[in-house]
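Morning, everyone. Please bring up the sequence and the model, and keep both in view while I talk.

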Amino acid sequence: MINTVALMGRLTYEPELRSTAGGVSVLRFQIAVDRNYQRAGTERQADFIDCVAWRQTAEFVSRYFHKGSLIAVEGSIQTQNYTDKDGKNRKSVEVVANNVSFCGSKNESGAGAQPNEYEQPAPNYASAQTSDFEEIIDDDEDDLPF
């Protein structure tokens, strides 16, 4: 069975790291994800999706993400049935985040703008001279297996 979800959206409120009685880090957050379809003449709609992160993932989100940050979340959907204070049966749906990633620029994510000393410049293939490559021409089409 497969239960995998991938989302990208913006945090709707400042995440707050908490701990369980056993000392396990947990963080609940919500992301706003724009819908793909937009009716003509209407405003774009968004879905507000509840997420929960545990342990190191929770600590990572708490440290590096803030309200409005663009975030990518990979995880699984989890549902829970419960009875509210009025005695009505309810169901909650949330994404349990297994992996989270930065999206957008460093300035958007709040990370420092210091360059990575290990970063290599991208190769410039456009400047490669044609004499560096051997041209292969195969005019014999009879060798094809079909």
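Let's start with Q30. First, a caution: this is a predicted model. Now look at who touches Q30. Skip its neighbours within four places in sequence, and you find R10, L11, T12, Y13, F48, I49 and D50. Where does Q30 sit? It is in strand β3, residues 25-34. Is Q30 buried or exposed? Buried means under 20% relative accessible area. Q30 has 19%, so it counts as buried. One partner from that contact list deserves a second look. The side chains of Q30 and D50 are joined by a polar contact of 3.0 Å.

Next, E94. Find strand β6, residues 89-102, and you have found E94. Its relative accessibility is 13%, so E94 is buried as well. Which side chain does the side chain of E94 meet in a polar contact? That of R28, at 2.7 Å. R28 is also on the contact list of E94, again leaving aside neighbours within four places in sequence. Note D50.

Now to a loop. R44 is placed between β3 and β4, and β4 covers 46-54. Buried is under 20% and exposed is over 50%, with partly exposed in between. R44 comes out at 41%, so we call it partly exposed. What does R44 touch, beyond residues up to four places away in sequence? The answer is D34, R35, N36 and Q38. Take D34. It is 10 residues from R44 along the chain, and their C-alpha atoms are 7.1 Å apart. Then take R35. Its backbone oxygen lies 2.5 Å from a polar atom of the R44 side chain.

Last stop, the largest nonpolar core. It has 17 residues. Which of them touch the most other members? They are F29, I31, V61, I71, V73 and V100. Several elements give two or more residues to this core: β1 (5-11), β3, β4, α1 (55-64), β5 (70-83) and β6. The largest share is from β3, with four residues.

Zoom in on I71. Leave out residues up to four places away in sequence. I71 then touches L7, M8, G9, L11, F29, I31, V61, F65, V100, S101 and C103.

One thing to take away: β3. It holds Q30, and it gives the core its largest share. That's my tour. Over to you.

Conventions
Residues numbered from 1 in each chain as written. Predicted model: local features only at pLDDT ≥ 70, side-chain atom pairs only at ≥ 80, totals over all residues. Heavy atoms only, no water. Buried < 20%, exposed > 50% of the residue type's maximum accessible area, 1.4 Å probe, protein only. Polar contact = N/O pair within 3.5 Å; in protein donor to acceptor, adjacent residues only side chain to side chain. Contact = heavy atoms within 4.5 Å. Core = buried A, V, L, I, M, F, W, Y, C linked by side-chain atoms within 4.5 Å.
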